[in-house]
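User: I am new to reading protein models. Can we go through this one feature by feature?

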Amino acid sequence: MQQSITPQHEHEHHESMKVFGFWIFLMTDCILFACLFATFAVLRTHTDSPFTGNELFEIPGFTAETFILLTSSFTSGLATLAMNKGKVKPLIGWLAVTVLLGAAFIGLEINEFMKMVSEGATISTNAFLSSFYTLVSTHGLHVSVGIVWMIAIMIQLKKHGIQSVTKRKVQVMSLYWHFLDVVWIFLFTVVYLMGVM
Amino acid sequence: MKDFFVTGDPLIYGADAAIVVTVVAIVFVLTYFKKWRWLWREWITTVDHKKIGIMYIICSLLMLFRGGVDAILMRLQLAMPDTKFLESQHYNEIFTTHGTIMILFMAMPFMFALFNWVIPLQIGARDVAFPYLNALSFWLFFFGALLFNISFVIGGSPDAGWLAYPPLSELSHSPGVGENFYIWGIQISGIGSLASGINFLVTILKMRAPGMKLMKMPLFSWSVLASCITIIFTFPVLTVTLALLFVDRFFGAHIFTMDGGGNPMMYVNLIWMWGHPEVYIVVLPAFGIYSEVVSTFSKKKIFGYTSMVFSMMIISVLSYFTWVHHFFTMGAGADVNAFFAITTMAIGIPTGVKVFNWLFTMFRGRIRMTQPMLWTLAFVPCFLVGGATGVMLAVAPADYQYHNSYFLIAHFHQTLIGGVVFGYLAGLYYWWPKIFGFKLNDRLGKWAFWLWNIGFYVCFMPQYALGFMGMTRRVYTYGWDMGWAPYNLVSTVGAFLMGIGFVVQGWQIIYSIKRGERDLTGDPWNGRTLEWSIPSPPPVYNFAKIPEASEQDAWWEMKKKGIKPTATSYEAIHMPKNSGIPFLMSVCWFIAGFGLTFHWIWIGLAGLAGVGICLLARSFQYKTEYYIPAKEVSRIEAMYRRGA
Amino acid sequence: MKKLAMAKTSLLLLLSACLLAGCDKRFILLHPKGPVAQKEYDLIVLSAILCAIVVIPVLALLVFIVIRYRDKPGNKATYRPEWNESKWLEVFWWGIPIVIIGVLGFYTAKTTFALVKPPVTNVKPVTIQVTSLDWKWLFQYPDQKIATVNYAEIPAGVPVQFVLTSDAPMNSFWVPQLGGQEYTMPGMAMRLWLQADKPGTYYGSGANFTGKGFAHMKFKVVAKPQSEFLAWTKQVKKTAPALTKEGYEKLARQGLAEKTAFSSYPAGLFEEIVDKNGGKYMSHEMKHGHGHMHQHDEN
């Protein structure tokens, strides 16, 4: 907090403040998801056959999504490790793998939604589906934003290499990505597993 | 076109004309005096917290004017029974915009103005933690407020109350675009508020001057800390609530609808989980201001500093556990109501403690009747009575009688005007010379003060009585039968007195710009905290040399010990560069909000894409800072010293 | 400054004088006409007195301090700029509000639990189902199978159980002289006990904003002796028209309505209204009021 004011120190101080600020942002995002979960919890029974979770959700689909997202969290961890070793190429490589896995996840999710819609289960069918689509697609939107962001960081890494700013960006990005993973684990449990049970 | 513009009301045609004339006049003046470039360089792209604070203040005073006009129109309509001045629809729109504007577009920016003005100066920092984000917060607020306000002439104003309870605010009962304006106006500015909350929290936690431990920090900074924590915990709830309402209205979902299994009561719960802490968000900084003012103008250390800090933190925590008292009458069950009644009353305890501490700061002090002190002294009785009626309202069974009556209206106006507005005005008068370098005229200020105060009691005391007579809020008309007429008439007179008080304040500002007493010392009030150790208005970097602050009331101690804030040699100062992106990104948000309001999906998506491009553009910027060379710093400092 | 404080004190005194004396019959909250309103009134008075115990001395203290410690030449009052803490004073002013809130909290909880029960238990209560519509009130008498719009008649001295719902945006059912209000919510059936001690006509209104016609949602509750009440129900049964399904749909459309009575209504209308607005998804407890109220259903 009270550092001597050399330019180098000041710069690092700024970068660490940004990471701290991002932690707080994640906390707010956490509250945002908590509210959506609460809404879902209230409305999840407000539906009639054939639009119940049991009849709509397909186990292989959401299991694959879960598996892919968990793996992407792992690869983003590998990216951070590469960064800490100061290796740019593996860093960009693992980020690319993470992006691809993220894209695959989004693809599967869109596929799942389209299937449900074709069965007549749309967002305006009933309260359960309204809260389901809102909750799951808010997470999906977060993942999509993360993908674009990660690509931007990869380009910047190529341009500037590993230095204090890019380092901070990768650090913050991976925090975000792990956070989405944690949210998904809750989604997987509360929405899908409890839905098919 | 007929659906696009609001037509058919002479009041609105008048406003249309006024808006066109004002815009033309502004464009003309800027062009004639060749000020466009100045406007862009000095203001629109600025990341300087002091300038951002000034822009917040201007907007918030404009919004106070708009909200005030709404209030006057309502009081005119209610002055006599069966008045035909406004129709029901128009009245409903006006009370909706009055409430929304006063809380979200007047109180919030006023509060952020004071955060911006004071926090970095008070903790000895050169700017906030994230200056670029700070600019973004302001422009998001600005365009959110703009979007909300244009509903007045385009598309139609929202009319479902300031919290827009569904199903009234759902498509089924409000098919127009008014509620969409409401949702997007608040949503866009709300993102800015949340960002400000994070920004100031990090600023306070990470950027304090060397030696300033948390428990040595000035109480205003503490109050901002408490307020920011509350913002961080509650604004996401608002974001979700409004987003869900929009999902209902835009995609035909059934989250809060009557049909399809939706649950409107969930909205009421969610919105008050934000709404109740929101009033503490705005009142806590006011408490901080009172603490600073009382201590300065009693020439005495604040009494019970530790108690003051703890009471604010208790209030901030308790504020999450009281939301149900806004709807005891939902009948959630005796156990729930009893719990929330007691938590609500419990908030009265730390608040009461603060009042005692303020009183005992004055006790054995030397009280100077300056303008900030006047407002503070007026606050104490006003807030005491407002707080007492608050405790009365917290008594759940009695609330079944007060709820939604004018008793409630009188209560929350008394806490919000007596607590928040008086506090912010005290802060405005207190820190004005710091930001602008001159004081606001005393004589006009006293006129305004008495008009406001007398007007306040004349306006709101009769409303308590009306509550006991069974008058409910939000009725646009009433009859002769219940005996409400005389009290309403008196109340209207009071509203006009307050309105005149506001006009006098406007005149006071204009007058003082020309003839206000200049302050060359930087410390016109004989202040106690660090902001008074630097010149007014402060140089762009605030502190040429970051001060050491090891004592509470650091500047007071420095003065006592004869330490001068000036230095003999300076170092280069690291500063953030200006940026146009916050402005452009907020314009894009505005376009997105406008498009989605009218269901013009492509415009909405284009706006959102613009937001994305702005975010990426910023991400690719690496040279966002610059240095002010040491020579330049010593030149500026020498200039200031010559001035003094 | 002195003037300011004095003006405020006198205003306050005036207000509290008004409250305590209940100077005018038009202050209907202060003239309760039934046991529920009476209990609420007692709490209003208690809380006002407890608050006054703090507020009035503090105001006096403020006036005293401001006068005594003004910064003017020749002021001989003590000046101690460094005196900023006192453990005993702090204990004192944390203690006082805690005690007051404790007392008030106790009585609040007690009354809160009392009010979910019928005011008297030795008389068989009457049930009235209330539906708020845009912008009128529908009252159904499930025991007598009659219905009224924009007015209700009740027997005096008998506890009345109002069961509240809405087929429109949420409103609030309020008859101040008989007792406090409760929300009428779509998809729920909430219970509210009221009772009129004496025959009379009592003012009622919707208290939660519902749009354009909200200001006109006033109604009268007429309390009559039991025998006259019975005669009235018989009279309605005999002379009034029936409320049909279509009639209800017409009534439910947005607009104002005149006072009317109906000799009958479609069976199960009230339950149907609750169910279609989401009631069918609510747990039994939610739908029919909270557990504590529910216990007394069978009375």
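Analyst: Let us start with a boundary inside one chain. Across the interface of domain 1 of chain B and domain 2 of chain B, the rule finds zero salt bridges. A salt bridge here is a side-chain nitrogen of Lys or Arg within 4 Å of a carboxyl oxygen of Asp or Glu. Keep in mind that this is a predicted model, where local features need pLDDT of at least 70, side-chain atom pairs count only at pLDDT 80 or more, and totals for chains, interfaces and linings use all residues. Residues are numbered from 1 along each chain as its sequence is written, chains are lettered from A and ligands numbered from 1 in the order in which they are written, and side-chain values use heavy atoms, with hydrogens and water left out.

User: Where do the two domains of chain B run?

Analyst: Domain bounds come from an automatic or database domain assignment. In chain B, domain 1 covers 1–34, and domain 2 covers 35–579 + 624–643. Their C-alpha centres lie 29 Å apart.

User: How many residues of domain 1 of chain B are in contact with domain 2 of chain B?

Analyst: Contact means heavy atoms within 4.5 Å. Here 15 residues of domain 1 of chain B touch twelve residues of domain 2 of chain B. About 1,200 Å² is buried between them, and carbon and sulfur atoms give 72% of that area. (Buried area is the accessible area, with a 1.4 Å probe, that two parts lose on being put together, summed over both.) B:Val6, B:Leu11 and B:Leu30 supply 39% of what domain 1 of chain B buries against domain 2 of chain B, more than any other three residues.

User: What about polar contacts between these domains?

Analyst: A polar contact is a pair of N or O atoms within 3.5 Å; within protein, one must be able to donate a hydrogen and the other to accept it, and residues adjacent in sequence count only if both atoms are side-chain atoms. For the domains of chain B, the rule finds five such residue pairs, both at pLDDT 80 or more.

User: Now a single residue. Where is the place of B:Gly262?

Analyst: B:Gly262 sits in the loop between helix 7 (219–251) and helix 8 (264–297) of chain B. Helices (H or I, at least four residues) and strands (E, at least two) are DSSP runs, numbered from the N terminus.

User: Why does B:Gly262 count as buried?

Analyst: Buried means under 20% relative accessible area, exposed over 50%, partly exposed in between (1.4 Å probe, protein chains only). B:Gly262 counts as buried because its relative accessibility is 2%. Leaving aside neighbours within four places in sequence, its contacts include A:Ala127 and B:Phe256.

User: How do I read an interface of two chains?

Analyst: Start with counts and area. Between chain C and chain B, 95 residues of chain C contact 100 residues of chain B. The two chains bury about 8,800 Å², 72% of it on carbon and sulfur atoms. C:Trp93, C:Trp94 and C:Phe209 supply 8% of the area that chain C buries against chain B, more than any other three residues.

User: How many salt bridges does the rule find across the interface of chain C and chain B?

Analyst: Two. B:Lys301 forms a salt bridge with C:Glu82, with their closest N and O atoms 3.7 Å apart. The count of residue pairs in polar contact between chain C and chain B is 25, both residues at pLDDT 80 or more. Several elements of chain C supply at least two residues each to this side, among them helix 1 (2–21), helix 2 (35–68) and strand 9 (200–206). Helix 2 of chain C gives the largest share, 15 residues.

User: Which strand holds C:Ser172, and what does its side chain reach?

Analyst: C:Ser172 lies in strand 6 (residues 171–175) of chain C. With 0% relative accessibility, C:Ser172 counts as buried. Its side chain makes a polar contact of 2.8 Å with the side chain of C:Gln181. The side chain of C:Ser172 also reaches the backbone oxygen of C:Glu182 at 3.4 Å.

User: Finally, what does chain C look like overall?

Analyst: Its secondary structure comes to eight helices and eleven strands. Of the 299 residues in chain C, 56% are buried. Among contacts in chain C with a separation of 6 or more, 69% join residues 24 or more positions apart. The domain assignment gives domain 1 (27–69 + 87–116) and domain 2 (126–277). These two domains of chain C bury about 900 Å² between them, 62% of it on carbon and sulfur atoms.
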